[in-house]
Amino acid sequence: MRKLMFAALLPVTIASVAQAQSGPAEVRRAIAGMNVAASRLDADAFMTSYWNSPSLVITFDGEVTRGWQNILAAQRGWWSDKRSGIRFTEAREPEVVSQGRDIITTIQWMNVADPKSASPSKLVITSVWRKRAEGWRIVLAHESLVPPSP
């Protein structure tokens, strides 16, 4: 009987492990896509990894913006000048930590090069991702911009 119970539980356990391992990989792919969108200053493509909900919250340098539509509008404004020369690059590999079956947290370190500044700013982004029917989406994010030293 024990062998039968073990045999019945094994596929569920293997599926759970596979799902837990695929979450971080899926989030890493989403982050890579976001980085490509950021390099093009494409707000619409960038926002596809965010939860399309009025409950989405982002804090950027102490300013809180709520709701996917409001955040998209702000992002479009920030990136409206496609010829600004602003460039985003990863300063190091993102940290991706599974917090359970349907929650992942990430920390990203980005360099933000602006032609108006001699050295790049640093951007630190902490995000909470949740597994949703449409895939992994950011449900909460905090971004801090550290300006270059004078």
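Visitor: Leaving aside its neighbours within four places in sequence, which residues is S84 in contact with?

Guide: Please note that this is a predicted model. S84 is found in the loop between α3 and β3. Once neighbours within four places in sequence are set aside, the residues in contact with S84 are L41 and P115.

Visitor: How far apart in space are S84 and L41, C-alpha to C-alpha?

Guide: Along the sequence, S84 and L41 are 43 residues apart. In space, the C-alpha to C-alpha distance between S84 and L41 is 9.6 Å.

Visitor: Does S84 count as buried or exposed?

Guide: The term buried applies under 20% relative accessible area. S84 has 19% relative accessibility, and therefore S84 counts as buried.

Visitor: What is the order of the elements from the N terminus on?

Guide: The secondary structure of the chain comes to three helices and six strands. Read from the N terminus on, these elements follow the order α-α-β-β-α-β-β-β-β.

Visitor: How many bridges pair β5 with β6?

Guide: A hairpin of two residues joins β5 to β6. The pairing of β5 and β6 is antiparallel, and its bridges number 11.

Visitor: In which sense do β1 and β6 run, parallel or antiparallel?

Guide: Strand β1 covers residues 57-60. V57 stands opposite L140 in β6. Four bridges join β1 to β6, and the two strands run parallel.

Visitor: Which residues does W79 touch, not counting residues up to four places away in sequence?

Guide: W79 is one of the core residues that touch the most other members. W79 is also among the residues nearest the centre of the largest pocket. Not counting residues up to four places away in sequence, W79 touches A37, A38, L41, D42, A43, F46 and F88.

Visitor: Which element supplies the largest share of the lining of the largest pocket?

Guide: The largest pocket has a volume of about 500 Å³, and 25 residues line this pocket. By class, the lining has 16 nonpolar, seven polar and two charged residues. At least two lining residues come from each of α1, α3, β4, β5 and β6. The largest share, four residues, comes from β5.

Visitor: What is the relative accessible area of Q108?

Guide: Q108 is found in strand β4. Not counting residues up to four places away in sequence, Q108 touches I31, N35, P94, L123, V124 and I125. Buried means under 20% relative accessible area. Q108 is buried because its relative accessible area is 5%.

Visitor: Among contacts between residues at least 6 apart in sequence, what share join residues at least 24 apart?

Guide: The chain has 150 residues, and buried residues make up 33% of them. Among contacts between residues at least 6 apart in sequence, the share that join residues at least 24 apart is 51%.

Definitions and conventions. Residues numbered from 1 in each chain as written. Predicted model: local features only at pLDDT ≥ 70, side-chain atom pairs only at ≥ 80, totals over all residues. Heavy atoms only, no water. Core = buried A, V, L, I, M, F, W, Y, C linked by side-chain atoms within 4.5 Å. Buried < 20%, exposed > 50% of the residue type's maximum accessible area, 1.4 Å probe, protein only. Contact = heavy atoms within 4.5 Å. 1 Å grid on protein atoms, 1.4 Å probe; cavity = no way out; pocket = protein on both sides within 12 Å on 5 of 7 lines; lining within 4 Å. Points joined across faces, edges and corners; volume = space filled by probe spheres on them. Nonpolar A, V, L, I, M, F, W, Y, C, P; charged D, E, K, R; others polar. Pairing = 2+ DSSP bridges.
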